[in-house]
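Please keep the sequence and the structure in view while reading.

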Amino acid sequence: MHVSPPARLILTTFLAFALFALAGCGKKNAGSADSSNASSAPRKILQVGNGAEPQFVDPQLATGVPENHLLIALFEGLVGENPDPAGDPVPAVAERWEISKDGLTYTFHLRPDAKWTNGRAVTSRDFVRAYQRILNPALAAEYVYMMFVVKGAEDYFQGSLKDFSKTGFQAPDDQTLVLTLRRPAPFLLHAMVHPAWFPLPIETLEKFGGMASRDQTWTRAENIVGNGPFKMKAWYPNQKIIMERSPTYWDREHVKLDEIHFHAVELADTEERMFRAGQLHITNEMPLTKIAAYKREMPEALNIAPWCGTYFYRFNIARKPLNDVRVRRALALAIDRESLVKNVTLGGETPAYALVPPNTAGYVSKHRLSGDLAEAKHLLAEAGFPGGRGFPRLNVLYNNLEKHRVVAEALQEMWRRNLGIDVSLVNEEWRVYLVDQKSINFDIQRAGWLADYADPHVFFDLWTTGNGNNCTNWGNATYDNLLQAALNTKTQEERYAVYNDMEKIIIDELPIIPLFFYTHARLVSPKVLNYRTTFLDTYPWKLVDLKP
């Protein structure tokens with residue numbers, strides 16, 4: 001954004017005042033101590049912008065980033081995210097574990113002081129029953145496929161195995177959990193940081209709807225029971241969710257914050273104004289047009305980091321003319337990705353011509369989307385739409401965030417200018433958008449995939465036929481078989497070679513259009529200590545501190 005000299009002076013003064021306020025000077029704001037009680041220690045209350053109102057606060061049903069930020073505060077799995085991006089997962093509810101030499105048996109030993117917020121000990125049965133729940137087809141959990149690495153899990157889900165006790169999920173005693181795999185899964189410990197692997201408070205679910213129910217009464221503030229570093233204190237729909245430090249958490253002495261307030265704010269401009277007013281310490285997003293100004297005037301508050309994710313558009317290939325790969329390829333080749341990241345997204349993103357982000361556990365994509373505008377025009381004409389004539393007006397669905405809107409508008413213009421076709425843009429609130437995604441109620445959909453764990457596998461398994469997160473109506477038997485072959489390889493080099501074969505199929509058939517690899521641009525107050533944006537954006541809340 002070009003700023004004229006008078007405007008720059010105003011902006012500089014305004015940002016300087018904001019920094020002064022965020023540093024704790026001036027009037028009392030959110031998270032400051034009560035001046036009427038100067039003798040007491042100031043409470044540390046972190047104010048966080050969390051994007052959209054969450055759809056679920058249920059570890060097995062939630063699928064979005066806003067939900068994940070809440071879940072890693074409320075719950076904890078066997079292992080935890082290592083704040084060192086090069087490190088392996090760290091002990092959490094499991095204080096230690098052993099892996100058999102053949103890589104098929106994982107034995108976890110639960111720490112005896114792990115407790116739920118109702119005071120009951122967390123047991124291995126809470127994990128086993130949770131896994132039995134997610135494998136119930138009636139629950140329709142999108143992440144159920146993560147369990148399929150365990151022996152008998154997929155058969156139980158499909159109904160060919162009726163007796164759950166015959167699966168590889170076993171609890172020989174309250175503090176021992178044994179998982180027997182169907183084949184080695186070298187990424188398993190990394191995968192287990194995902195909420196789908198978290199334990200559940202069994203008696204709470206049974207009290208409110210039952211284990212197979214999608215009823216979310218159990219996640220209301222007055223009902224929810226968790227085992228994480230924080231517990232839910234209050235939920236004000238479409239406003240904020242308040243978490244407070246859990247008195248029963250096993251590592252509570254190392255939790256720095258008294259409370260975290262997660263604000264449901266979808267508009268980046270609103271978040272930025274709240275940040276300047278001292279109402280937020282950390283934003284979820286920031287206005288793209290203000291990145292340059294913050295780089296100049298307040299770089300200490302600007303946080304831009306790589307994010308392990310790919311931004312793409314989905315096709316509903318069951319709808320004509322998107323069932324024709326020539327049309328899909330024409331639309332993909334007509335996009336100027338270099339211009340998109342330079343002039344539209346503005347956050348230092350990298351154009352994506354493949355599926356997997358760079359630096360994902362050492363994987364290198366050997367196949368790339370290639371071609372030019374001349375080829376795009378030829379393909380469209382070959383498909384029966386020369387110069388775009390006769391092409392139906394398709395809808396492009398996106399959810400309410402500034403970045404998604406400007407990207408959609410840019411692609412709309414590129415397709416009009418380069419191919420002579422017009423598309424309509426449809427924006428929806430997050431919850432409605434997710435419903436339409438799951439039911440594949442769209443022509444083209446704005447989407448993105450942020451890694452659940454740091455391994456390329458997470459970018460390949462969701463495109464298998466019928467996967468709950470596929471949502472394209474696309475499937476390919478060869479691709480499905482290759483995924484199983486990848487899991488049967490003996491070395492990482494062999495596994496990555498199979499993934500490259502799978503990536504070629506995606507690029508050849510294009511059920512999606514890769515656009516760019518994510519970065520995360522947000523604002524972080526200088527008052528916030530021990531926080532950074534990690535490659536997975538799952539930095540442990542219990543490590544974050546706040547200056548008094």
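Which elements each supply at least two residues of the lining of the second largest cavity? In this predicted model, they are β1 (45-49) and α2. The space in this cavity amounts to about 90 Å³. It is lined by 14 residues, and those closest to its centre are His69, Arg522, Tyr531, Asp537 and Trp541. By class, 6 residues of this lining are nonpolar, 5 are polar and 3 are charged.

The structure as a whole holds 7 cavities of 30 Å³ or more. Two or more lining residues come from each of α2 (65-74), β11 (302-315), α12, α13 (430-438), β15 (444-450) and β16 (512-523). Helix α2 gives the most, with 7 residues. The lining of the largest cavity divides into 21 nonpolar, 16 polar and 7 charged residues.

From the cavities the reader may turn to the nonpolar cores. The largest core comprises 164 residues, and those with the most contacts inside it are Phe169, Trp197, Tyr313, Trp415 and Trp541. Helix α12 (residues 402-419) makes the greatest contribution to this core, namely 8 residues. Another core, of 9 residues, lies apart from the largest one and includes Phe275, Ile291, Tyr294 and Ala521. Trp541, listed above for the largest core, is also one of the residues closest to the centre of the second largest cavity. The surroundings of Trp197 can be followed in more detail: leaving aside residues up to four places away in sequence, Trp197 touches Phe127, Tyr131, Met146, Met147, Val149, Val150, Phe169, Leu179, Leu188, Ala191 and Met192.

Two individual residues complete the picture. Glu142 is placed in the loop between α3 (124-134) and α4 (153-158). Glu142 counts as buried because its relative accessible area, 10%, is under 20%. Its side chain makes a polar contact with the side chain of Lys438, at 3.4 Å. Beyond residues up to four places away in sequence, Glu142 touches Leu61, Thr63, Lys438, Gly468 and Asn469.

Gln158 belongs to helix α4. With a relative accessible area of 55%, which is over 50%, Gln158 is therefore exposed. Its C-alpha atom is separated by 8.8 Å from that of Leu135, a residue 23 residues apart from Gln158 along the chain.

Conventions. Residues numbered from 1 in each chain as written. Predicted model: local features only at pLDDT ≥ 70, side-chain atom pairs only at ≥ 80, totals over all residues. Heavy atoms only, no water. Core = buried A, V, L, I, M, F, W, Y, C linked by side-chain atoms within 4.5 Å. Buried < 20%, exposed > 50% of the residue type's maximum accessible area, 1.4 Å probe, protein only. Helix = DSSP H or I, 4+ residues; strand = E, 2+ residues; numbered from the N terminus. Contact = heavy atoms within 4.5 Å. Polar contact = N/O pair within 3.5 Å; in protein donor to acceptor, adjacent residues only side chain to side chain. 1 Å grid on protein atoms, 1.4 Å probe; cavity = no way out; pocket = protein on both sides within 12 Å on 5 of 7 lines; lining within 4 Å. Points joined across faces, edges and corners; volume = space filled by probe spheres on them. Nonpolar A, V, L, I, M, F, W, Y, C, P; charged D, E, K, R; others polar.
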